[in-house]
Amino acid sequence: MKEKKSAKQPRNKEKILESTLQVLENTSYPSLTIEAIAAHAGAGKTTIYRWWDTKAHLVLDAFLMYTASSFQFDIEDSVRSNFQRQLTNLASVFSSKIGRSMLAIIVENEEISKSFHTSFLTLRRRDATLFLEAAITRKEINPDLNTDIILDMLLGPIYFRILIYNQEPDERFITHLVDHIITSILCSSDERR
């Protein structure tokens, strides 16, 4: 009997996380309730509170599930195409209800902010750094660049547009941003030899 229950738990958790995303599409984070999520998921409130201490913890896990496959790099594709895709996905994610909710939570909740940093930002940054380092090894980009500065130059304007201007960066903005930054770091044909 216990085996059935433990096998069922991941499906129940996934259903609750999916329900969180779906319910959030029709409401705001402040109006989101555990009761509404439980009803949508066909689960009890106690089940939800057994796995998540607060609504903020639940939304963080739903956000992580939502973004799990959004930020993969493709080493077969160009540096430019990869960052075009990365920044487009980033803009889309943080302009969505779950993304906006996550931004609101991390401003208000220091514990969730730290968890968000370690479970999302640090991992995405590490992946981007590894991708840039591989591009340096393949002599696609200048070996003298500081990857932290390049990533700040690429990512910063996206966050700035969303957080300060409350605008989703459009494709034109992202294309110009990527073109300006990536063109400046590519190796010349002489350096590729």
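Ala, Val, Leu, Ile, Met, Phe, Trp, Tyr, Cys and Pro count here as nonpolar, Asp, Glu, Lys and Arg as charged, and the others, Gly among them, as polar. By these classes, the lining of the largest pocket in this predicted model has 10 nonpolar, 3 polar and 2 charged residues.

That pocket has a volume of about 240 Å³, and 15 residues line it, with Leu121, Arg124, Arg125, Leu155 and Tyr159 lying nearest its centre. Three helices, α5 (79-95), α7 (110-137) and α8 (147-163), each supply at least two residues of the lining, and the largest share, 7 residues, comes from α7.

The fold around the pocket can be described next. Of the 193 residues in the chain, 36% are buried; among the contacts with a separation of 6 or more, 67% are accounted for by residues 24 or more positions apart.

A search of the whole structure finds 13 aromatic pairs. One of them joins Phe63 and Phe116 in a tilted arrangement, with 5.7 Å from centre to centre and 50 degrees between the planes; Phe63 belongs to helix α4 (residues 55-67) and Phe116 to helix α7, 53 residues apart, and the pair thus links distant parts of the chain. Both Phe63 and Phe116 are buried. Phe71 and Phe120 form an edge-to-face pair, at 5.7 Å centre to centre and 75 degrees between the planes. Because Phe71 lies in the loop between α4 and α5 whereas Phe120 lies in helix α7, this pair ties together parts that are 49 residues apart in sequence. Phe71 is buried, with a relative accessible area of 6%, and Phe120 is buried as well, with a relative accessible area of 1%. Phe63, Phe71, Phe94, Phe116, Phe120 and Tyr159 form one aromatic cluster, and Tyr159 is also one of the residues nearest the centre of the largest pocket.

Ser19 is found in helix α1 (residues 2-24), where its relative accessible area of 2% falls under the 20% limit, so Ser19 counts as buried. Leaving aside residues up to four places away in sequence, Ser19 touches Ile37, His40 and Ala41.

Notes:
Residues numbered from 1 in each chain as written. Predicted model: local features only at pLDDT ≥ 70, side-chain atom pairs only at ≥ 80, totals over all residues. Heavy atoms only, no water. 1 Å grid on protein atoms, 1.4 Å probe; cavity = no way out; pocket = protein on both sides within 12 Å on 5 of 7 lines; lining within 4 Å. Points joined across faces, edges and corners; volume = space filled by probe spheres on them. Helix = DSSP H or I, 4+ residues; strand = E, 2+ residues; numbered from the N terminus. Buried < 20%, exposed > 50% of the residue type's maximum accessible area, 1.4 Å probe, protein only. Contact = heavy atoms within 4.5 Å. Phe/Tyr/Trp six-rings, centres within 6.5 Å; stacked < 30°, edge-to-face > 60°.
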